[in-house]
Amino acid sequence: MKTHAQAVVIGGGLAGCSILYHLAKLGWRDVVLLERDELTSGSTWHAAANIHGLHDNNNITRIQHYTMNLYKELEQETGQSCGVFQPGSLYLAQTEEREHQLRLQEAKARFYGLNFYEVSREQAMELHPLARFDDIRCIMFEPEGGNVDPSGVPHAYAAGARAMGATIERFCPVLGTEQQADGSWIVRTEKGDVHTQWVVNAAGLWGREVAALAGLNLPLQPTEHQYFVTDSIDEVANLGRRLPSIADRDGEYYFRQEGNGLLIGAYEKDMKFWAEDGTPLDFAHDLFPDDLDRIMDNVIRATERVPAAATAGVKRVINGPMIWSPDSSALWGPIPELKNYFLCGGLIPGFSQSGGLGLLAAQWMIEGEPQYDMFAWDLARFGDWADKKFTKARVEDQYTHRFAIHFPNEERSAGRPARVRPAYEMQKDMGCVFGLNCGWEHPLWFADRPGTTETNGFIRQNWWEPVGQEVKMLRENVGVIDISNFANYVIKGPGAYEWLNRLVANRVPTEIGRSCLTPLISVRGGVAGDFTITKVAEDEYMMIGSGMAERYHQRFFNMINLPEGTTFEVATDRIAGFNVAGPKSRDLLQRLTNADLTNEAFRFMRSATIEVAGVTCLAIRVSFTGDLGWELHCEEEDQIRLYSALLEAAKECDGGPVGGRALGSLRIEKGYGSWGREYSQEYWPQEVGLAGLIKLDKDFLHKDAYVQIKDNAAREVLSIFEVEATDADASGGEPIFTPDGAPVGRVTSGAYGYSVGKSLAIGYSNPAVVKPGDMVEIFILGKPHKAKVLAEPPYDPSGLRLRDVQPKVMEAAK
């Protein structure tokens, strides 16, 4: 067996074989795959192996499309059959909400040039003459949909990898993974040790056990999952062609042809966990006893759709394990806390995603970064707060609602709360409706009475008017926004300035009390993040960033060694914060502090440590709302004391608490981008309006990459749109077309702009095709809505309110 390798892939299932193949394809030929049993052991071999191209996440649509096209190329390249059947897939909508979802996917398919379109009931019956469609509102057809051979695909990946020089060792359990001082790894096996630069954990059902060898706990939990294949059905056998599959997600089952019979699978409400305390090491090509009673309600609905299945016998039942993450998306990417340890686990629609995830994993290891923003699949979206209890609760919710629609802005309650601040109970009593952000419960909006729950849907919901009242209150008076879900970092020591200045692209302040906004540049020159950095004392800085990206950003922080005597603290757990914003924000705060908050004494982007209601706070004059405001950061133990004082003073100023939904509207009115929505490593600084914050007279992380792309013409530009919409607003992901139907961009965020009385969207558009003043069509609810490209934000475009410019000056500016 080899003793050295560029990468060692642990696990010979679908994910592991795909990653091995793509590593070799991108040039790493000295790579090894270790499989404890035979290839495809575990959950790969018994999968239903359906394939489809579209997903609610645009980038996952891209990788699924790549994967579906790859299988036939693999067959030609290797001679190994992937068992590709593509008779097409029919997607059914029984409800108005499902119709909205399918029509939006149809619009996305047009945008990406994919084959997915509506068919009539008569056309659907011609495609699938055994099915009934009389109760269906809308039917979409995907001609390339179908299924593959669950064993053939991994063996094709393996054959392709071997042909390029990769090595596969079967019956070779991994006994240990030990990181060396230089960041490399020793992988210990019964056949000997392998010294490698990269470890790839693609161990599937055993991903938790392999991770434990490196001291890691993964939020993964296996469940049982059943499908069955019927005996031969005469109507199927006599048809002379293969039937398209049926995805009736409102009915909570899936249906496709298998041989001359039918395969029926379901995600039942009476789900069953498996291997809660660890996957047995002797499990391989094993199955569980049949338990069809658990899925019988789903099966009855399926046989009502295709009556021929009702009288067919059951040929075989497959009841096998699947391993899930808390949100049913893959856990994928390098572990931020370890060097050169890559994870790919928890794949559910694996045969639709394996090729794309394998390609992007290889890009990340070899090139330093994937070509697409994959944060929705990045393992860094979870932290230690995603413990076993949370994971089980979320997996149960995901399994039993596998085919439920994920509505825009939807917040599911399973497993919550996971992390709370001291003010949580106080906010609950105030009628707060919470959202989940990096495990934290944070206020979304405030209802009239405690215990109110929000409704979900594609059109405006029960929170639309209360959020509007919060926006109006802040714009006219003052609002108090809990920003304790932001990520907080404290950098101390003689090398604090040096380290920060080498990390970020803007100049770091050298004067106590000054702050700066700065981008973080990614490996390919894009925008990896945006931060506010404040010098709070000699040799001490506070850096504030996106809460959900806290673990993601650790990868970049780790790229630069801390100078001797300098410390870096992730202080999010001990620091709470509030943004006090609005035209009366100074009035409110001046009631609680003796500090001088006048424009002359406390200018925009300045800071000071002050006492507010007896609580020591770092006050920064900045606001994501676009209005006059201060951020106040205090120790978590002082949160309730500070919050109570702020709310009491707010009442005296005709203000009150404001939640995250209102903040979303406020920042969109101002055209402010947000990390994970508008900002990601996919986009260049000149495309998102951040190039002016980059200083080329200093060194910073990935400066060379930025220099290579800085003079490139923008491929797309971040734009703001005024939309003609009356009952639904854009939320993100909607495609944008020109009036004559040419794809031109996509929405990243959307909301109703209560201050300006307009439905608004932020998104990317092609500057060579559309310019400010042009009309476009944004597909909200999957239907075209006229929209105008604005030349500037509709609310206070000059930023006069943010800087509290006096009325005479404002009038002169007009």
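This is a predicted model: local features need pLDDT of at least 70, side-chain atom pairs count only at pLDDT 80 or more; totals for chains, interfaces and linings use all residues.

Biologist: Okay, and which residue does Arg301 form a salt bridge with?

Modeller: With Glu252; the closest N and O atoms are 3.5 Å apart. Arg301 sits in helix H8 (residues 296–305), while Glu252 is in the loop between strand S13 (245–248) and strand S14 (253–258), so the pair links distant parts of the chain, 49 residues apart.

Biologist: Is Glu252 buried or partly exposed?

Modeller: Buried, at 16% relative accessibility. The cut-off for buried is under 20%.

Biologist: How many salt bridges does the structure hold?

Modeller: There are 54 of them. One is between Glu118 and Arg103, with 2.8 Å between the closest N and O atoms. Glu118 belongs to strand S5 (residues 117–119) and Arg103 to helix H3 (residues 96–112), so this bridge ties together parts that are 15 residues apart in sequence.

Biologist: And how accessible is Glu118?

Modeller: Glu118 has a relative accessible area of 35%, so it is partly exposed. Arg103 counts as buried, at 15%.

Biologist: What about Glu652, which side chain does that one meet in a salt bridge?

Modeller: Arg591, at 2.7 Å from N to O. Glu652 is in helix H16 (residues 639–652) and Arg591 is in the loop between helix H15 (585–590) and strand S28 (607–612), so parts 61 residues apart in sequence get tied together. Glu652 is partly exposed with a relative accessible area of 47%, and Arg591 is partly exposed too, with 41%.

Biologist: Switching to helices. At what angle do H1 and H2 cross?

Modeller: Roughly 75 degrees, with the axes of helix H1 (residues 14–25) and helix H2 (residues 58–78) coming within 14 Å. The two are therefore roughly perpendicular to each other, given that 65 to 115 degrees counts as such.

Biologist: Which residues make that contact?

Modeller: From H1 you have Tyr21, His22 and Lys25, and from H2 there are Tyr66, Leu70, Leu74 and Glu77. By type, that contact has four nonpolar residues, one polar and two charged.

Biologist: Now the sheet. What's the strand order?

Modeller: S5-S6-S4-S13-S14-S15-S12-S16, an open sheet of eight strands with mixed pairing. S5 and strand S16 (314–324) are the edge strands, each pairing on one side only. From one strand to the next, the twist averages 25 degrees.

Biologist: In which sense do S4 and S6 pair?

Modeller: Antiparallel, over five bridges, between strand S4 (residues 89–93) and strand S6 (residues 138–142). For instance, Ser89 has Glu142 in S6 as its bridge partner.

Notes. Residues are numbered from 1 along each chain as its sequence is written. Side-chain values use heavy atoms; hydrogens and water are left out. A salt bridge is a side-chain nitrogen of Lys or Arg within 4 Å of a carboxyl oxygen of Asp or Glu. Helices (H or I, at least four residues) and strands (E, at least two) are DSSP runs, numbered from the N terminus. Buried means under 20% relative accessible area, exposed over 50%, partly exposed in between (1.4 Å probe, protein chains only). Axes are lines fitted to C-alpha atoms, for helices over the stretch in contact, and angles run from 0 to 180 degrees between N-to-C directions. Angles under 35 degrees count as roughly parallel, over 145 as roughly antiparallel, 65 to 115 as roughly perpendicular and the rest as oblique. Contact means heavy atoms within 4.5 Å. Ala, Val, Leu, Ile, Met, Phe, Trp, Tyr, Cys and Pro count as nonpolar, Asp, Glu, Lys and Arg as charged, and the others, Gly among them, as polar. Two strands pair if DSSP finds at least two bridges between them.
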